[in-house]
Amino acid sequence: MKIVLNVRDLDTGGAERVAVLLAYGLRDLGHSVVIAACKVKRWDLLEGISVIEMDVAKPLVQAIALARIVNRQRSDVVIAFGVNPAIGASISRLFWRKRCQLIFRNENNLDAEWRQAGRINQFIGPALSRWAARRACMVAVSQSLADATSSYLKISRERVTTILNPVFENCSNSTHTMDEAMHAWLRDSAIPTFVAMGRLEYQKGFDVLIDAFSLLCRQAQARLVIFGKGSLQAALQVQINANGLQDTVTLAGHTENPFIQLRAAQACVLSSRFEGFGLVLVEALRAGAQVISTDCNYGPSEVLENGRYGMLVPVGDPQSLANAMLRSLECPPATERPPDAWFQKFTAIEAARQHVALIESLA
C-alpha cells in the first residue's frame, strides 16, 4: 500500500516520535510510506522514509497541499495524527482524485485539549472534530481514551479501534550503555535524582511538579531534571528561582537518549493534568525505573495497570506527589516490573500490523 502519515510538525514531541516509529513499522512490512508535515524541524529522525514539508500555515491551504501529495502519490491511506491534522485531512478529502481511506488517530483528551485552545477554537473545534470523525475511521491509543473519544465525538463505540502507541522500534534497541549523553546529575549517585520528560506546556503539569519537589526538599535531599522544550520554559524557570531551587531543579532541554536518563533516575515522575497514553511511562518501565504518575484521564492508570507497575497520585495535588516521591526514597518500590514479553505490544512492527489489519478490514 501507499500510505501518507499526516502530522502537524516533525520535531521531537511524542506524537511525532509515534509517527516515525509507525512509519518504520509500515516500511518493514513492505509498504510505501510518506510523512507529510506542515513544518519539518528534525530531518535526522528518519531513515529510509520520504518526508514532504508542506510549509503552509492556513488550514485550507494545508488541506490543498495535502491533497496534492495524496494525488501525486496515488495514496491508498492517509493516517492523521491528532485532531488538527484530522480536520485538515477531512477537508483535503474533497480534493482527492481517487478513493483513499482516512484514519483519524486521537492521541489526547479532546475535551481538555479544546478547553485549552483560543476562544474561537473552543467554539468551533468540537464541532469540526465531530465533523471529521464522521468522515474517517477512528483510532484511539488506549482503551479508556477510546471510550472517551466515542462519547466526545458522539459516534458509536464500535467505530473506535484501540491501537496502543509504538514506543520502541524493537525491544532490543532499548538497551543502551551509559555514556557521555547522560546528564551530569544522574552520574552522581550520592544524591538521588528524579527525572521528568515532556513538552513544557500546561498539559504536563510541571508547575505542580516543581511545587511538589519544593515540599519534598523540606524532608529529604534530592534533585530533579526535567527534559523537554516548550512555551512555558521561562515561566517554569521563574518558578524554580522563586522557590530557591536553582541548585536542585534544572530544565535540561531535549534528550536524544531518554532510556539512559531514566535508567539512572531515582524515579520517573509524570505530573500531567491530562494524557491520552503516556509514552514516558513505558520507556521508564523498560529502563527499570520506579514510576510515579498522576492518575489523569486518560492512559496512565491503564499503562500502569491501576498501580501494579507504578504509583498513582491525584491530579494537581503537590502534597500527594511529594509524598509519593518521598516514599520512593525511603522504601523499596512496592510495585512490580513488567515481564519482558509485556513490552512487545509497544513495538513499531506490532502497531504497524494492527494498522494494516484495520485498513484491510475497511476494504
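Reader: Is C296 buried or exposed?
Author: In this predicted model, C296 is buried, with a relative accessible area of 2%.

Reader: How many disulfides does the structure hold, then?
Author: It holds zero disulfides. C38 is a second case to look at: its closest cysteine sulfur, in C100, is 17 Å away, and that is too far for a bond. The cut-off for a disulfide is a sulfur pair within 2.5 Å.

Reader: And C38, buried or exposed?
Author: C38 counts as buried, because its relative accessibility is 8%.

Reader: Let us change topic. Where does S293 lie?
Author: S293 is part of strand β12, which covers residues 291-294. S293 is buried as well, with a relative accessible area of 0%.

Reader: Which residues is S293 in contact with?
Author: Setting aside neighbours within four places in sequence, S293 is in contact with L270, L281, P300, L304, M311, L312 and V313. One of these, L312, stands opposite S293 and lies in β13.

Reader: How do β12 and β13 pair?
Author: They pair in the parallel sense, over three bridges. Both belong to an open sheet of six strands with parallel pairing, whose order is β10-β9-β8-β11-β12-β13.

Reader: Which strands are at the edges there?
Author: The edge strands are β10 (249-253) and β13 (311-313), each of which pairs on one side only. On average, neighbouring strands of this sheet are turned by 25 degrees against each other, direction ignored.

Reader: Which helix packs on the sheet and touches β12?
Author: Helix α13 (residues 318-330) packs on the sheet and touches β8, β11, β12 and β13. The direction of α13 makes about 160 degrees with that of β13. Helix α8 (residues 206-216) lies across β8 (193-197), β9 (223-227), β10 and β11 (267-270), and α8 runs at about 170 degrees to β9.

Reader: What is the strand order in the open sheet of seven strands?
Author: The order is β3-β2-β1-β4-β5-β6-β7, with parallel pairing. The edge strands of this sheet are β3 (50-53) and β7 (160-162).

Reader: How many bridges join β5 to β6?
Author: Four bridges join β5 (residues 101-106) to β6 (residues 137-140), and the two strands run parallel. F104 stands opposite M138, which is in β6.

Reader: Now a helix, please. How many residues does α5 have, and what does it reach from first C-alpha to last?
Author: Helix α5 (residues 119-133) has 15 residues and reaches 22 Å, close to the 21 Å expected at 1.5 Å a residue.

Reader: Where does α5 bend?
Author: It bends by about 35 degrees at G125, and a proline, P126, follows within four residues.

Reader: Which residues of α5 are buried, and what do they pack against?
Author: The buried residues in α5 are G125, P126, S129, A132 and A133. They pack against α3 (83-92), β5, α4 (110-115), β6 and α6 (143-153).

Reader: Why would residues three or four places apart in an α-helix point the same way?
Author: An α-helix has 3.6 residues a turn, so residues with that spacing point the same way.

How values were computed:
Residues are numbered from 1 along each chain as its sequence is written. This is a predicted model: local features need pLDDT of at least 70, side-chain atom pairs count only at pLDDT 80 or more; totals for chains, interfaces and linings use all residues. Side-chain values use heavy atoms; hydrogens and water are left out. Two strands pair if DSSP finds at least two bridges between them. Buried means under 20% relative accessible area, exposed over 50%, partly exposed in between (1.4 Å probe, protein chains only). The expected span of a helix is 1.5 Å times one less than its number of residues. The bend at a residue is the angle between axes fitted to the seven residues ending there and the seven starting there. Contact means heavy atoms within 4.5 Å. Axes are lines fitted to C-alpha atoms, for helices over the stretch in contact, and angles run from 0 to 180 degrees between N-to-C directions.
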